[in-house]
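Here is a briefing for a first look at this structure. Please keep the sequence and the 3D view side by side as you read.

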Amino acid sequence: MEVPNDSIHAAIGSPPFADLAESLYRRIERDDRIRPMFSADLGPQSAAVRDMREFLIQFFGGPADYSARKGHPRLRARHMRFPIDQTARDAWLGHALAALDEVAARHALRAEIVGAIADYLRHASQFMVHRLG
């Protein structure tokens with residue numbers, strides 16, 4: 001059963017997305033391959049975690065706090081200043097999927113919801129690649 005992205009927030013609420021953002025950035029903080037691309041503070045109260053949390057909540061059908069605060073997401077344009085090649089994308093995606101697995105277990109998320117979120121993370125992260133290497 002396929003779950004439309006914009007209905008996922010209604011099914012699971014905001015806490016799983018908050019946990020996903022925090023878990024993702026905890027993992028990135030320990031990864032020397034991609035850590036230099038991120039701000040100094042990746043803690044739970046950081047701007048990076050807030051942006052990711054609000055973006056995911058909005059994308060999956062929750063309140064549009066991200067756009068209200070930052071305008072249109074313009075994901076690719078916002079990420080062009082970072083040297084994102086396939087290796088960096090794969091590292092980020094590995095952390096994102098591991099964080100999603102952790103959150104799915106903690107919140108007992110249904111497989112089709114986890115699959116929809118994972119599909120989005122795969123697609124969006126590939127869209128960010130703009131350098132060879």
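Buried means under 20% relative accessible area, exposed means over 50%, and partly exposed lies in between (1.4 Å probe, protein chains only). By that rule, F55 and Y120 are both buried. The model is predicted, so local features need pLDDT of at least 70 and side-chain atom pairs count only at pLDDT 80 or more, while totals for chains, interfaces and linings use all residues. Residues are numbered from 1 along each chain as its sequence is written, and side-chain values use heavy atoms, with hydrogens and water left out.

**Helix α7**

- Helices (H or I, at least four residues) and strands (E, at least two) are DSSP runs, numbered from the N terminus.
- The expected span of a helix is 1.5 Å times one less than its number of residues.
- Helix α7 covers residues 111-128, and its 18 residues should span 26 Å at 1.5 Å a residue. The end C-alpha atoms of α7 are 26 Å apart, which agrees.
- The buried residues of α7 are I113, V114, A116, I117, A118, Y120, L121, A124, S125 and M128.
- Contact means heavy atoms within 4.5 Å.
- The cover over the buried residues of α7 includes α1 (8-12), α2 (15-29), α3 (47-59), α5 (75-79) and α6 (86-107).

**Helix α2**

- The 15 residues of α2 should span 21 Å at 1.5 Å a residue. Its end C-alpha atoms are 21 Å apart, in agreement.
- Buried residues of α2 are P16, F17, A18, D19, L20, A21, S23, L24, Y25 and I28.
- Helices α1, α3, α6 and α7 are included in what covers them.
- D19 lies in this helix, α2.
- The side chains of D19 and R106 are joined by a polar contact of 3.0 Å. Such a contact is a pair of N or O atoms within 3.5 Å; within protein, one must be able to donate a hydrogen and the other to accept it, and residues adjacent in sequence count only if both atoms are side-chain atoms.
- Beyond its neighbours within four places in sequence, D19 is in contact with V103, R106 and H107.

**Aromatic rings**

- Rings of Phe, Tyr and Trp (its six-membered ring) pair if their centres lie within 6.5 Å; planes under 30 degrees apart count as stacked, over 60 as edge-to-face and the rest as tilted.
- The structure holds 8 aromatic pairs.
- One of them joins F55 and Y66 edge-to-face, at 5.7 Å centre to centre and 80 degrees between the planes. F55 lies in helix α3 and Y66 in helix α4 (residues 65-70), so this pair ties together parts that are 11 residues apart in sequence.
- Both F55 and Y66 are buried.
- F55 and Y120 form a tilted pair, 6.3 Å centre to centre with 35 degrees between the planes. F55 is in helix α3 and Y120 in helix α7, so the pair links parts that are 65 residues apart in sequence.
- F17, F55, F59, F60, Y66 and Y120 make up one aromatic cluster.
- Y120 counts as buried because its relative accessibility is 11%.
- Not counting residues up to four places away in sequence, Y120 touches F55, F59, F60 and L75.
- Y120 and F60 are 60 residues apart in sequence, yet 9.8 Å apart in space, C-alpha to C-alpha.

**The nonpolar core**

- A nonpolar core is a set of buried Ala, Val, Leu, Ile, Met, Phe, Trp, Tyr and Cys residues joined through side-chain atoms within 4.5 Å.
- The largest core has 42 residues, of which I8, F17, L24, Y25, W92, I117 and L121 touch the most other members.
- Helices α1, α2, α3, α6 and α7 each supply at least two residues of this core.
- L121 touches W92, L93, A96, L97 and L100, leaving out residues up to four places away in sequence.

- H9 is found in helix α1. H9 counts as buried at 15% relative accessibility.
- Apart from neighbours within four places in sequence, H9 is in contact with S14, F17, I57, F60, G61, G62 and P63.
- R89 lies in helix α6. R89 counts as buried at 12% relative accessibility.
- Apart from neighbours within four places in sequence, R89 is in contact with I84, R122, S125, Q126 and V129.
- The C-alpha atoms of R89 and L132 are separated by 11 Å, and the two residues are 43 apart along the chain.
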